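Here is a short tour of one protein chain. Keep the sequence and the 3D view side by side as you read.

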Amino acid sequence: MENSRANTQRRRSWTPSSMSRTLWSSNESPTKDFFRSNDEQKGVNVQVVARCRPLSEEESRGKASSMISCDEIKQQVIATQNTGNKQTDKVFVFDKVFGLNSKQVEVYDDIIAPAIAEVLEGYSWTIFAYGQTGTGKTYTMEGEGRKYKNGEFHENAGMIPRAVQQIFDVLERERADYSMKATFLELYNEEITDLLAPDEGKRPLVLMEDGKGAVFVRGLEEEVVCSVDEICAILEKGSSRKRTAETLVNKQSNRSHSIFTITVQIKEPDTSTTDHGSEMIRCGRLNLVDLAGSENVLRSGAREGRAREAGEINKSLLTLGRVINALADNSTHVPYRDSKLTRLLRDSLGGKTKTCIIATISPSVLCQEETLSTLDYAFRAKCIKNRPEVNQKLMKSTVIKDLYTQIDSLKQELRVSRQVNGGYGDQGDRHSSDALRKQLMELQELYLYQQQLTVDLKDKLLSTEGELTTARQSLLNLKNQCQQAEDVCRDKEAVIFNLISSGKELTKKTSELQSDLEGAVLDASTLFAKIEHKTDLEETNRQNVEKFYSHLVQQLQELDEGVSASATNQEQNWKAIQDDTRLFLTSKAKAIDELFKQIENLKELNASGVNKIDGSAEELYQNSQVALSRLSSALSDHSSCIMDLVSKNASAAAAINNGLKSNMNNLGLKLDEFVRQQEENHARSHHTSKSISSSLASFFKTLKIYTSKLTLIEEDSQTIAKQKLHAFTTKFEEYSAAEEKLLLEQMSELLANSSSRKKKMIQAAVDDVLESASSNGLKLNQEISEMQSLTVDTEEKWNVFIQTTESNYVEDSVAVEAGKCALEDGLQCCVRELAEVSKQQRLSEESLLDEIKANFVSQDSLIKNETAANEKFHGRYSSIAASFLEETGDATRNLTLCAEKVLRLDREASEKAELLSARCIVSTKQTSDSHSGQVAEISISARKWLVDDYLVDSSPSPSPRKYGFAK
Ligand code: ADP
Ligand code: MG
């Protein structure tokens, strides 16, 4: 045990942990958990909890409705079924219910944490996850995602890592000396595989019994675990194995069971050492079982025959169901031996291990059948009773002994294998011996397996025989009992028949009565409701009438007051009208007198006005006559004046015209002169240019001549120089030859040398002179040719200039000629227009004069007409004025008469109005008085009808009693 945490080494376990085989009888009774029964001897029921997962995304998307509701307080799962139009609810009560939104940590805290506490006390616990595929068995047990990181769990982490964490936490806190081992196996198609074994050693494992009834898996790897990370790694490894298998075998994991087992061995504190002084070791075990999908039960059950042939039957799951049924029914025979799963977990089903089943379900209505079957199954399992016991503590010495035994058996094995292989000495045979050893081991395993099978079969045979004899016996007993029961039955049948027929009669009558009664109850309740309603209405009516009456009285009073006030008002108004009428009549009489006076004044004023107008009309007539005669004379003066002016104007215009004409003629002459001068100037400049050109041409000619002469001279001088030099050369040569001849003998050698030197010198000098002369000549020639080319260029340019000047002159002359023509045309045009203008002026003068004359004549006649009309108007006006005066007098008289008549009528009307208003005052008073009387009468009769005579049902007799059914 020492340093066990550091020991990560794996070892093979040939025996299961001995704790599961040996019992420990202790009085120590755990008390903490909520599952624990106080009386363990009577047995503890298997705890069953239900967990419902949320609707998956796919289900939500497919709008699958939910058929499950979880009541976590009442611990109920309610499954709603719709069959046709009927909806039925099935209620399942469990020890604990986890609803759709339950968290892993909640499940853990409620279920696993108390179990772990007991495991640490030395109990064995098994947690089953049972349910349809996809309902969260693996999610609950193992969890999802990265389960553990930085010392914290992911919220999806399952029960296994959390359990391990808790074990570590508690033991570390208690500073206990402990070791923890884990195994992980898979059971598929009745074959056990180790999910933690190395790949190369992966083969089906054999289930064995140790002769004392305990079952163990031979060759299962036990991994020593020292941290949560390690357990997570182990889980990951096991799960990945399952996944690989899943891809190889069609959805194997749905049909396989996996069992994860944690075993803890804890050294007891020193106080609990035995009398022999040996240390004690406490063992706890936790099995976490992820069962195959529950749908496999249905499937296997439905087509067992065919499924068995196809090897599809899930024997373990079926057997588990049968075992549960047998245990729930308290059968004498429980078929544990029928499957490996039930053999492995025998102790958890009706044994000494504590058990909890987590039934996982889906809420979706699509899984209805499976869900109901799971819930039924789980509900049945609740009846199973276990008799939990703390595992027997082991003495350290026993453990060590066990270990020694193991070592011995290993040694034995090694020895056997060595013997088989002939030792490791011969390296050449190493491979064949390995193969042989392997074969031998397999054979050994096979043999052991066969033995095991034989033992199993024998057991089965024995148990079946026993069952058969007991069954025979019970059959006989049953037959007897059956006979007796049949007799009793016959008697009872007759009685029952009678009872049934009378019962039927009674039931019929009862149902009739019941229906009558129900009708009556209904009527009575309606009646009560009506009465209550009526009473309420009457009360409301009464209150309304009272309110109405008081309101009416108040309003009548107000009306009465209003009417009397208006009557007095009217009376006053009438009186005021009478006064006003009188006042109006006197003031009107005064006004009419005034009117008469005014009319008289107006008459006089009118007459004087007419006279005055008459006088001024006379004056106007005289004045207009004078003005007209003056106008006529002024008009004649004016017209003569205009005529003079027009004639003066005409003569002035003629003079201007003449002047203009002469001016224009002068202009034409001057223009001609200018054009002529221009032509002359042009001709002159042209001539000068021509003379310059000809002199220049002659200059260039002479220049050419001189140049050619110069060239000739130069050539001559060159030939002369050449000739002279040549003559000099020949002379000198002759002279030298003669002198040579003379001095030849004396100076033979020297002379020859000197003459050659001199020759050379002279030749050089001559050559030099010749060269310079020719170069001079060349230079001169060059200069002359340059001068010649320059002269030719200049001449060409001059010629071009002369040509352009000539063409310009021609163009200018043409332009001047054209301008002159245009000017002459314009001048002519002006002269013509001038003649036209003077003609027009004359015509207009004549027409103006005619017009003025005609005007004068018409104005004169107009004035005459006007004068005649004036006279006529004057006459008419005088007669109108006289008749107007007469008519005004008549109208004034009529007006006076009319006014008098109106005054008289007014007086009569006033008298009538006064009489009427007096009568009105009297009648208003009468109306007001009678109104007061009527109001008083209305009040009295309203009181009589609404207060005194208005009846409400207020009889003192109580309302009919309401019976219990009145609702
Ligand atoms: P099973 O092992 O029963 O076949 P799984 O454990 O593989 O089912 O779960 C199926 C799916 O449902 C997984 O994707 C898982 O995440 C999801 N699931 C199951 N139970 C729950 C739960 N209680 N809350 C959230 N998701 C869940
Ligand atoms: Mg699963």
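In strand E14, Val-215 has Glu-209 standing opposite. This pair belongs to a hairpin. Strand E13 covers residues 206–209 and strand E14 covers residues 215–218. The two run antiparallel and are joined by 4 bridges. Between the strands of this hairpin lie 5 residues. Gly-211 takes a positive phi there, near 90°.

Mean pLDDT is 78 for the chain, with 81% of residues at 70 or more.

Where pLDDT is low, predicted coordinates should not be read in detail.

Now the helices. Where does helix H2 kink? The kink lies at Ile-112, shortly before the proline Pro-114, and is about 40°. H2 itself spans residues 104–119. Both Ile-112 and Pro-114 are buried. Other buried residues of H2 include Gln-104, Val-107, Tyr-108, Ile-111 and Glu-118.

Helix H11 runs over residues 368–381, 14 residues in total. From first C-alpha to last, H11 reaches 20 Å, close to the 20 Å expected at 1.5 Å a residue. Among the buried residues of H11 are Thr-371, Leu-372, Thr-374, Leu-375 and Ala-378. In an α-helix, residues three or four places apart point the same way, because each turn takes 3.6 residues.

Conventions:
Residues numbered from 1 in each chain as written. Chains lettered and ligands numbered in written order. Predicted model: local features only at pLDDT ≥ 70, side-chain atom pairs only at ≥ 80, totals over all residues. Heavy atoms only, no water. Bend = angle between axes of the 7 residues up to and from the residue. Buried < 20%, exposed > 50% of the residue type's maximum accessible area, 1.4 Å probe, protein only. Pairing = 2+ DSSP bridges. Expected span 1.5 Å × (residues − 1). pLDDT = per-residue confidence, 0-100.
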